[in-house]
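Here's a quick briefing to read alongside the coordinates. Have the viewer open and follow along by topic.

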Amino acid sequence: MWDGQQGQGGVGGAGRSRDRSQEGYGYGYGQQQPGPYGQPAHGGQQPPTVPEQGGPRLGYYQTMRQQQATPPAPAHPPAQPPTHGGRRRKPAEKPPWQKWALIGGAAAVVIAAAGFGTYAMVGGDEGPGVQETAAKINTAPPTAQEVGATGKRFLKAWTTGQTAKAAVLTDDATGAQAALQAYTTDVAVTKLAVSPGTPLGGKLPYTVRAQVKHGEVTAPWSYEAQLTVVRDKRTGRAVIDWQPSILHPKLGEGETLHLGEQDAPPVKALDRTGKELDLKTYPSLAPVVDSLREKYGKKAGGSADVEIWIEPAKAEKGEKATSPETLLVLAEGKPGSVKTTLDAKLQAVAEAQVKKAGKSSVTAVRPSTGEILALANSPAGGFDTALQGSLAPGSTMKVVTASLLLDKGLAESTKEHPCPKYVTYGNWKFQNVDKFELPEGSTFAQSFANSCNTAFIGMAPKLKDDDLTKQARDVFGIGLNWAAGVSTFDGRVPVQTKAQMAASLIGQGGVRANPLVMASVSATVKSGVFKQPYLVDPAYDGRTLAKAPRTMKPESLAQLRGMMKETVIWGTAAEALKGVGGDVGAKTGTSEVDGQKKPNAWFTAYRDDIAAAAVVPETGHGGEFAGPLVRALLTAG
């Protein structure tokens with residue numbers, strides 16, 4: 001199950017970064033398509049938050065003359081000059097006597113400051129009349145002098161705490177004042193100094209030097225930023241183009257700055273013997289450590305980092321959520337320790353294998369207990385495909401389908417089971433790789449070892465639409481609510497009909513899994529009962545592990561183990577596991593993916609008390625490309 005969203009940071013509290021991808025190739029390498037097997041197109045993978053502006057109006061200096069006798073208030077008040085405080089609003093209507101200030105003379109003249117236009121109001125002896133004329137508004141780009149002067153007035157007002165005065169110099173006084181006030185309060189700035197640079201092309205660069213405080217922790221904070229001065233189209237006034245990046249260059253629209261402790265203290269992951277699993281040596285464990293931190297950081301005995309971070313804007317529906325980004329760590333937290341079931345030796349082997357293979361993922365578990373012994377992904381540090389991937393597992397799913405057919409008495413390992421070139425079901429024609437067929441009289445074990453698609457799809461007419469779903473869930477635990485201690489995707493085998501149901505029998509259609517799920521499938525065959533995989537001992541936090549309602553029939557289990565062993569001796573897994581002794585069983589797989597020229601290679605197997613599975617995307621046959629990764633883990637254990 002998802003034990004919580006992927007956390008941030010890593011060992012030692014390295015902070016948070018929104019640059020880490022949480023997808024990578026892991027969610028599924030694309031959509032399913034018809035391929036050599038003849039499956040129809042089947043969907044893709046499914047994976048596994050001001051005050052009103054103040055200050056005086058600026059820019060107009062008024063002089064007026066009053067007539068000797070004060071005229072009556074006009075029936076129609078004169079037009080008012082535009083305001084200059086951020087966002088323009090229609091001024092409230094005022095009584096005529098407030099709109100006129102006649103102090104002497106027969107007319108009043110209002111002269112705007114130079115460069116902003118001239119407005120004249122004219123009256124005569126017959127009574128006041130109104131006429132408005134306006135000089136041409138300056139639309140030229142602000143000069144370097146204007147950029148420097150306007151920018152410096154803004155910066156001075158900001159640093160002296162006059163947020164209203166600073167805000168009125170922008171084109172969004174309301175938004176600017178709220179953001180400037182929040183900067184001081186939300187980040188707990190106790191000292192602030194800003195040094196302006198030289199204007200260039202309408203921009204004024206500056207250096208911010210601040211002091212911030214959280215509790216007893218005080219730290220300096222400095223960075224470079226810049227502002228842009230533009231021409232107000234209505235007034236011709238030079239104003240600051242308000243943007244959140246004025247406060248910090250990484251701050252975007254809708255984002256906010258925060259100061260405080262991280263949600264969870266950092267953690268160190270320990271292997272089963274207590275050895276620290278550092279991320280430099282084991283880079284694939286970065287998302288695992290993140291998950292451990294989210295779930296156990298407060299329980300593990302550490303203390304959280306004190307930091308300034310950017311809280312991202314709430315993602316719109318359908319958009320990918322971004323993670324907080326750390327800007328400054330005032331005080332590093334003390335990491336706690338979480339002991340895992342991982343084996344440092346096997347983890348090192350897994351890391352080396354995926355690095356050698358390129359884009360790939362592998363997982364190993366202990367069949368007798370369900371303990372996760374190793375997991376690795378390439379590229380390392382990105383999305384955890386080994387535990388959270390959601391991919392079509394191809395013919396490795398035939399282990400589950402074979403158990404279903406054996407339990408229902410629809411097949412026996414030693415009895416004849418046809419494997420023709422083609423078989424049609426649900427108005428779709430299915431075929432084998434390279435259109436091969438087995439000779440008449442071939443057994444079910446031979447069809448399994450040769451990975452014959454038609455031998456399985458040919459049984460579709462005798463199955464109910466939900467038979468495979470129930471077998472996968474009730475015997476192999478696929479799709480149950482796993483409580484592994486870290487985030488996992490626990491597989492999905494939906495109820496499907498017609499051609500898609502048939503495709504599900506060979507691991508296509510809507511079936512989804514990852515190396516953890518398929519390693520668990522082999523482990524279930526080896527142990528005879530589903531043991532839910534876990535990475536943190538459930539006793540650590542009182543979790544209850546998932547349990548499958550039933551097991552395979554004893555005779556079915558014995559036959560399935562025999563067929564998986566024959567696959568190793570002379571079947572499609574023979575080359576990959578040649579010379580490997582012990583109690584061994586395996587199944588290969590290839591899955592067709594829409595948009596890929598080559599299929600994903602799969603391999604799952606067990607040897608004694610280790611089971612493993614691997615996927616290598618866009619390569620080819622499972623035995624050739626995924627088999628070596630699994631072999632390395634089985635023989636290292």
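The chain exposes about 27,700 Å², and carbon and sulfur atoms supply 51% of that area. Keep in mind that this is a predicted model. Of the chain's 637 residues, 53% count as buried, and the fold has 16 helices and 18 strands.

**The disulfide**

- Searching the whole structure turns up 1 disulfide, and it joins Cys419 to Cys452 with an S to S distance of 2.0 Å.
- As for location, Cys419 sits in the loop between helix 8 (398-407) and strand 14 (422-425), while Cys452 sits in the loop between helix 9 (444-449) and helix 10 (453-457), so the pair ties together parts that are 33 residues apart in sequence.
- The torsion about the S-S bond of Cys419 and Cys452 comes out at about 110 degrees, so this disulfide is right-handed.
- Don't look for the pair on the surface: both Cys419 and Cys452 are buried.

**Helix 8**

- After helix 8 comes Gly409, with a positive phi near 75 degrees.

**Helix 6 against helix 16**

- Helix 6 (residues 344-357) and helix 16 (residues 627-636) pack with their axes 10 Å apart, at an angle of about 160 degrees.
- That angle makes helix 6 roughly antiparallel to helix 16, since anything over 145 degrees counts that way.
- Helix 6 passes helix 16 in a right-handed crossing.
- On the helix 6 side, the contact is made by Lys345, Leu346, Val349, Ala350, Gln353, Val354 and Ala357.
- Helix 16 brings Pro628, Leu629, Ala632, Leu633 and Ala636 to that contact.

- Ser504 is found in helix 12 (residues 498-504), and it is buried, with a relative accessible area of 3%.
- Setting aside neighbours within four places in sequence, Ser504 is in contact with Met397, Leu468, Gln496, Gly509, Gly510 and Val511.
- Thr163 belongs to helix 3 (residues 163-167) and counts as buried at 12% relative accessibility.
- With the neighbours within four places in sequence again left out, Thr163 is in contact with Ala157, Gln177, Leu180 and Gln181.

- A cis peptide bond joins Ser378 and Pro379, with omega about 5 degrees.
- Pro379 itself is in the loop between strand 13 (372-378) and helix 7 (385-388).
- Asn427 is not a glycine, yet its phi is positive at about 60 degrees.
- Is Asn427 buried or exposed? It counts as exposed, at 81% relative accessibility, in the loop between strand 14 and strand 15 (428-431).
- Asp434, also not a glycine, has a positive phi of about 60 degrees.
- Asp434 lies in the loop between strand 15 and helix 9 and is exposed, with a relative accessible area of 71%.

How values were computed
Residues numbered from 1 in each chain as written. Predicted model: local features only at pLDDT ≥ 70, side-chain atom pairs only at ≥ 80, totals over all residues. Heavy atoms only, no water. Disulfide = S-S within 2.5 Å. Helix = DSSP H or I, 4+ residues; strand = E, 2+ residues; numbered from the N terminus. Buried < 20%, exposed > 50% of the residue type's maximum accessible area, 1.4 Å probe, protein only. Areas by Shrake-Rupley, 256 points an atom, 1.4 Å probe, with all protein chains shown as cover. Contact = heavy atoms within 4.5 Å. Axes fitted to C-alpha atoms, helices over the stretch in contact; angles between N-to-C directions. Parallel < 35°, antiparallel > 145°, perpendicular 65-115°, else oblique. Left-handed = near helix turned anticlockwise from the far one by under 90°.
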